[in-house]
Amino acid sequence: MKTIGLIGGMSWESTASYYRFMNEGVKKRLGGLHSAKIAMKSVDFGPIAKLQARGEWQVMADMLGQEAKDLERAGADFILIGTNTMHLVFDQVAAHVSIPLVHIADAVAEQLKQDGISKVGLLGTKFTMQQPFYKNRLKEMFSIDVVVPELSDQDIVHDIIYNELCVGEILAESKNAYLEIISRLQAQGAQAVILGCTEIALLVNKGDTKLPLYDTTIVHADKAVKLALE
């Protein structure tokens with residue numbers, strides 16, 4: 001079994017889900033007392049959130065690059081960045097190490113293509129919804145069209161992530177707000193919706209709407225398990 005490297009802590013709430021999903025995935029495939037081999041560096045999200053707000057992406061790229069180096073030295077065979085937003089600096093982080101980084105959008109796109117989805121809605125932080133690093137990758141590498149909420153809805157999605165989900169608050173009114181936004185994405189032609197922030201699945205899941213929802217934490221973790229057991 002290969003060792004999975006995980007850069008976590010962004011936030012720790014979703015990192016806990018990564019850890020659980022990867023271990024459950026290995027147990028499901030191998031049975032018995034088997035569990036995943038994981039090397040993890042979990043960062044302090046407080047300073048990173050402030051850097052995100054100031055747009056200091058190169059500083060964050062260098063920080064995560066150092067974490068990736070530590071994981072490589074610790075024996076990781078490949079690395080996951082356990083957050084969608086920080087894939088904005090994916091290429092810069094990858095340049096710090098000689099082992100592969102597994103892009104979260106690639107894992108999701110592979111599943112979308114397998115399921116015949118050609119137009120998808122995207123929820124996430126405003127960085128993920130507004131900047132091209134995620135949307136363009138899906139379009140240019142996988143020919144998947146992406147629609148995002150209108151700006152006022154983006155504010156709602158973003159604020160709930162940072163002010164509630166990242167601190168473990170799960171509110172019924174926020175869930176209802178997300179479901180209304182998902183309905184509006186469907187009206188824009190979305191055949192499914194990417195939960196493009198690893199905290200969103202703490203609030204909504206596939207049982208809440210008839211529209212298919214793709215939990216990026218589950219998909220990314222499952223891809224890691226497959227690679228670890230190849």
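How many bridges pair strand β4 with β5, and in which sense? Three bridges join β4 (residues 119–123) to β5, in the parallel sense. This is a predicted model: local features need pLDDT of at least 70, side-chain atom pairs count only at pLDDT 80 or more, and totals for chains, interfaces and linings use all residues. Residues are numbered from 1 along each chain as its sequence is written, and side-chain values use heavy atoms, with hydrogens and water left out.

**Four-stranded sheet**

- Four strands make an open sheet in the order β5-β4-β6-β7, with parallel pairing. Strands pair if DSSP finds at least two bridges between them.
- Helices (H or I, at least four residues) and strands (E, at least two) are DSSP runs, numbered from the N terminus.
- The edges are β5 (145–147) and β7 (213–215), each pairing on one side only.
- From one strand to the next, the twist averages 30°. Angles run from 0 to 180 degrees between N-to-C directions, and axes are lines fitted to C-alpha atoms, for helices over the stretch in contact.
- K119 has D145 of β5 as its bridge partner.
- Helix α9 (residues 172–187) lies across β4, β5, β6 (192–195) and β7, at about 150° to β4.
- Helix α10 (residues 216–228) also packs on the sheet, touching β6 and β7. Its direction makes about 55° with that of β7. Contact means heavy atoms within 4.5 Å.

**Three-stranded sheet**

- A three-stranded open sheet has the order β2-β1-β3, and its pairing is parallel.
- Strands β2 (38–42) and β3 (78–81) are the edges, each pairing on one side only.
- Neighbouring strands here are turned by 20° against each other on average, direction ignored.
- β1 (residues 4–8) runs parallel to β2, and five bridges join them. I4 stands opposite I38 in β2.
- Two helices lie across β1, β2 and β3: α1, at about 160° to β1, and α3 (residues 57–73), at about 150° to β1.

**Helix α5 against α10**

- The axes of α5 (residues 104–114) and α10 come within 9 Å and cross at roughly 95°.
- That makes α5 roughly perpendicular to α10. Angles under 35 degrees count as roughly parallel, over 145 as roughly antiparallel, 65 to 115 as roughly perpendicular and the rest as oblique.
- From α5, the contact uses I104, A107, V108, E110 and Q111. From α10, it uses T216, V219, H220 and K223.
- These contact residues divide into four nonpolar, three polar and two charged. Ala, Val, Leu, Ile, Met, Phe, Trp, Tyr, Cys and Pro count as nonpolar, Asp, Glu, Lys and Arg as charged, and the others, Gly among them, as polar.

**Largest pocket**

- The largest pocket has a volume of about 570 Å³. On a 1 Å grid over the protein atoms alone, a pocket is an open set of points with protein on both sides within 12 Å along at least five of seven lines, a cavity is a set where a 1.4 Å probe fits but cannot get out, and lining residues have an atom within 4 Å of a point.
- Grid points are joined across faces, edges and corners, and a volume is the space filled by probe spheres set on the points.
- Of its 24 lining residues, Q111, D215, I218, V219 and D222 are the closest to the centre.
- α10 gives the largest share of that lining, seven residues.
- The pocket lining has eleven nonpolar, four polar and nine charged residues.

**Largest cavity**

- The largest cavity has a volume of about 70 Å³.
- Its lining has 14 residues, with M10, F45, T83, T85 and Y162 the closest to the centre.
- By class, the cavity lining has seven nonpolar, six polar and one charged residues.
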